[in-house]
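Here is a short report for a reader meeting this structure for the first time. Please look through the sequence and the model, then read on.

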Amino acid sequence: MSLLIKNGEIVTSDARYVADIFIEDETITRIGIDLDAPPGAEIVDATGKFIFPGFIDPHVHIYLPFMATFAKDTHETASIAALIGGTTTYIEMCCPSRLDDPLESYHLWKEKARDNSACDYAFHMGVTRWDRNTESQLRSIVADGTSSFKVFLAYKNFFGVEDGELFQTLNLGQKLGVITTAHCENAELVSRLQEALLAQGKTGPEWHEPSRPEAVEAEGTSRFAAFLELTRAQGYVVHMSCAPALEAAARAKMRGVRLAVESVLPHFLLDKRLAEQNGVEGMKYVMSPPLRDNRNQQSLWNGLRSGVIDTVGTDHCPFDLSQKNLGTDAFTQIPNGIAGIEERVSLMYTQGVIAGRIDIHRFVDALSTRAARLFGLFPRKGTIAPGSDADLVIFDPKVRGTISVKSQHTNNDYNGFEGFPFEGRASVVTVRGKIQVRDGVFVGDKSRGRFLAREPRGGSDVE
Ligand code: URP
Ligand code: ZN
Ligand code: ZN
């Protein structure tokens, strides 16, 4: 099987030029001018279009038992939505509750995805408690190719870990050379503030943000950074939403803490007024950390442009309206989360590159290359080079459209970005050399996706 993509403008995190790309089987084998197509090769004309490396979403939830229900997508629906949007690899959070067995959960998550994903995928392994079996279980999960952990400093008694458990996790991460990703909100403060608000009869979705104000996230971020500093582990803060947390992360980076920062699509584009609407209209926009006062958005864009924010993910986590309505009597019962895997690339291109907030190379870096580097996928993923997987996005900058639930592929009955205009969209998308999307339509193999085993970077146990 060979494929020749002609005359596209290749854009990576550090280069931009017009050339042809030749793909044999799953791999890019040649890049050059006026390449000839051997007999039988398919030719795709990319004149006037950008060719980006396949985008990587480093933070998604697909199978997720959470808040008395399950997130709505299957691996099939989420991966097709991802591909239509230009994302060719996602990293899913494997999230056992504190009561579940970690190893059994890991195999359950893997089994759910196996043969059901149209694009490639990997996992971050959630560490939600620490007992005498945890270290050996985690070592076997890392040996299986899942070389990143996830901890929640939020969600007391469910996913959340205590400080001692955080220490143990980071210590092991440091020894193995495994990066630990973290949801940074102070669980105790959230739980006390929730209790106080409910006691005052403040039950609507507009009270979700006041129950986890910016200081709660800044504290979580500072604490995580201090633990990283003292364990010498490598960490990654997920879904950063506000300036005080960003400042805490920037201070940590400046003093040499090995910390990377992710923010996610909703926090760049949406603000807390949406969650202050009455009833289910507000509940649609309940996520954690919550949507913030919109003055934070400028800080996030500045952080993204300067590189203090390393990556942009989605925290894709769809719940439908009937699930959101579980929180009618109390905002603490509203399933937290919003979808975005399908919209991230077009909306960040429109609101970031077209609007002049970030340049096109930072866009590629933040939505693909940096995640590949941080999570052990580079140079297989995250760039366009001979030897790399042929995951390519032929992106048509001339397409114009509007985000709508009516055209989405995510399995949900609303779209949090409804009505947002976009300029530019993935037109042809390949996964390891196979065309999965053509003219913006999924035409591919629903079980094309493969689990990506990743080597740890080498920690003190192996150096
Ligand atoms: O509200 C969110 N973010 N839901 C998904 C779970 C998480 O915290 O990432
Ligand atoms: Zn989270
Ligand atoms: Zn998440």
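## Basis of the model

This is a predicted model, in which local features need pLDDT of at least 70, side-chain atom pairs count only at pLDDT 80 or more, and totals for chains, interfaces and linings use all residues. Residues are numbered from 1 along each chain as its sequence is written, chains are lettered from A and ligands numbered from 1 in the order in which they are written, and side-chain values use heavy atoms, with hydrogens and water left out.

## Cavities

The whole structure was searched for cavities, and five of 30 Å³ or more were found. A cavity is a set of points, on a 1 Å grid over the protein atoms alone, where a 1.4 Å probe fits but cannot get out; lining residues have an atom within 4 Å of a point. Grid points are joined across faces, edges and corners, and a volume is the space filled by probe spheres set on the points.

The largest cavity holds about 120 Å³. Its lining has 16 residues. H61, F66, Y155, D315 and N336 lie nearest the centre. By class, the lining has seven nonpolar, seven polar and two charged residues. Here Ala, Val, Leu, Ile, Met, Phe, Trp, Tyr, Cys and Pro count as nonpolar, Asp, Glu, Lys and Arg as charged, and the others, Gly among them, as polar.

## A helix pair

Helices (H or I, at least four residues) and strands (E, at least two) are DSSP runs, numbered from the N terminus. Helix α2 (residues 102–113) packs with helix α3 (residues 134–143) at an angle of about 25°, and their axes are 9 Å apart. Axes are lines fitted to C-alpha atoms, for helices over the stretch in contact, and angles run from 0 to 180 degrees between N-to-C directions. The two helices are therefore roughly parallel (angles under 35 degrees).

P102, L103 and Y106 of α2 meet Q137, S140 and I141 of α3. Contact means heavy atoms within 4.5 Å. Four of these residues are nonpolar, two are polar and none is charged.

## Backbone features

Most residues other than glycine have a negative phi, and most peptide bonds are trans. The bond from S288 to P289 is cis, with omega near -10°. P289 sits in the loop between α10 (279–283) and α11 (295–306). The bond from F378 to P379 is also cis, with omega near 5°. P379 lies in the loop between α14 (360–374) and β16 (392–402).

M67 is not a glycine, yet its phi is positive, about 50°. M67 belongs to the loop between β7 (65–66) and β8 (69–70). R232, also not a glycine, has a positive phi near 60°. R232 is in the loop between α7 (214–231) and β13 (235–237). Its relative accessibility is 55%, so R232 counts as exposed (over 50%, with a 1.4 Å probe and protein chains only).

I141 is part of helix α3. Its relative accessibility is 0%, so I141 counts as buried (under 20%). Beyond residues up to four places away in sequence, I141 touches P102, L103, Y106, M125 and T146. I141 and F66 are 75 residues apart along the chain, with C-alpha atoms separated by 22 Å.

E229 lies in helix α7. At 35% relative accessibility, E229 is partly exposed (between the 20% and 50% limits). Leaving out residues up to four places away in sequence, E229 touches R255 and V257. E229 and H267 are 38 residues apart in sequence and 27 Å apart in space, C-alpha to C-alpha.

Notes. On a 1 Å grid over the protein atoms alone, a cavity is a set of points where a 1.4 Å probe fits but cannot get out, and a pocket is an open set with protein on both sides within 12 Å along at least five of seven lines; lining residues have an atom within 4 Å of a point. Angles under 35 degrees count as roughly parallel, over 145 as roughly antiparallel, 65 to 115 as roughly perpendicular and the rest as oblique.
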